[in-house]
Amino acid sequence: MRAESPTRAPVLPALPRVLLAVLPVLLAASTGPLFTTPNIPTWYAGLAKPDFTPPNWLFPVAWTILYALMALACWRVLGTAPVPGEARRTRRLALAAFFLQLALNAAWTPVFFGAHDILGGLVVIVALLVMILWTIRLFWPLDRPAALMLLPYAAWVSYATLVNAAVWRMN
């Protein structure tokens with residue numbers, strides 16, 4: 001008869017884990033409205049956009065869901081307790097990648113909407129997409145549900161990259 005393995009406690013207690021997962025995501029999310037609200041009805045409305053550009057009302061709906069999934073994915077990975085060695089290094093790298101992609105996420109809106117720099121926005125969003133995909137790859141061996149939670153984010157940012165590229169080409 002095989003003995004059951006004891007349940008391993010999370011690396012971080014619940015409150016710090018929630019704060020580390022949620023607060024940075026909320027901070028990144030808060031940059032969006034600061035730059036989009038004054039620019040959507042003025043500068044952005046005057047840009048030529050491809051036919052596949054989503055309607056403006058869809059952005060806050062999509063991003064609310066995506067930010068919630070991002071925070072939940074981070075919370076799950078923060079709760080992993082890998083054994084020493086390669087898994088521990090992967091966890092550190094995965095969390096670093098997550099927070100780097102989050103910084104790129106927060107940077108895109110001030111570049112694209114704030115600076116009206118469409119090409120700069122394209123550079124940032126391509127880097128963001130690469131970092132999201134790398135984060136998914138690093139999350140996978142640590143917590144597959146967390147990695148899967150980032151797939152809609154990768155899909156949305158892929159789509160947004162195409163829109164950004166088309167807007168740059170058209171303007």
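Me: Why is Leu 19 called partly exposed?

Reply: Leu 19 has 40% relative accessibility. Buried means under 20% relative accessible area, exposed means over 50%, and partly exposed lies in between (1.4 Å probe, protein chains only). Leu 19 therefore counts as partly exposed. The model is predicted: local features need pLDDT of at least 70, side-chain atom pairs count only at pLDDT 80 or more, and totals for chains, interfaces and linings use all residues. Residues are numbered from 1 along each chain as its sequence is written, and side-chain values use heavy atoms, with hydrogens and water left out.

Me: Why is Thr 36 called buried?

Reply: The relative accessible area of Thr 36 is 17%, so Thr 36 is buried. Thr 36 lies in helix α1 (residues 14-39); helices are DSSP runs of H or I with at least four residues, numbered from the N terminus.

Me: What makes Asp 143 and Arg 76 a salt bridge?

Reply: A salt bridge requires a side-chain nitrogen of Lys or Arg within 4 Å of a carboxyl oxygen of Asp or Glu. For the side chains of Asp 143 and Arg 76, the N to O value is 2.8 Å, and the pair thus meets the definition. Asp 143 sits in the loop between α4 (118-139) and α5 (144-149), and Arg 76 in helix α2 (residues 58-78), 67 residues apart.

Technical notes. Helices (H or I, at least four residues) and strands (E, at least two) are DSSP runs, numbered from the N terminus.
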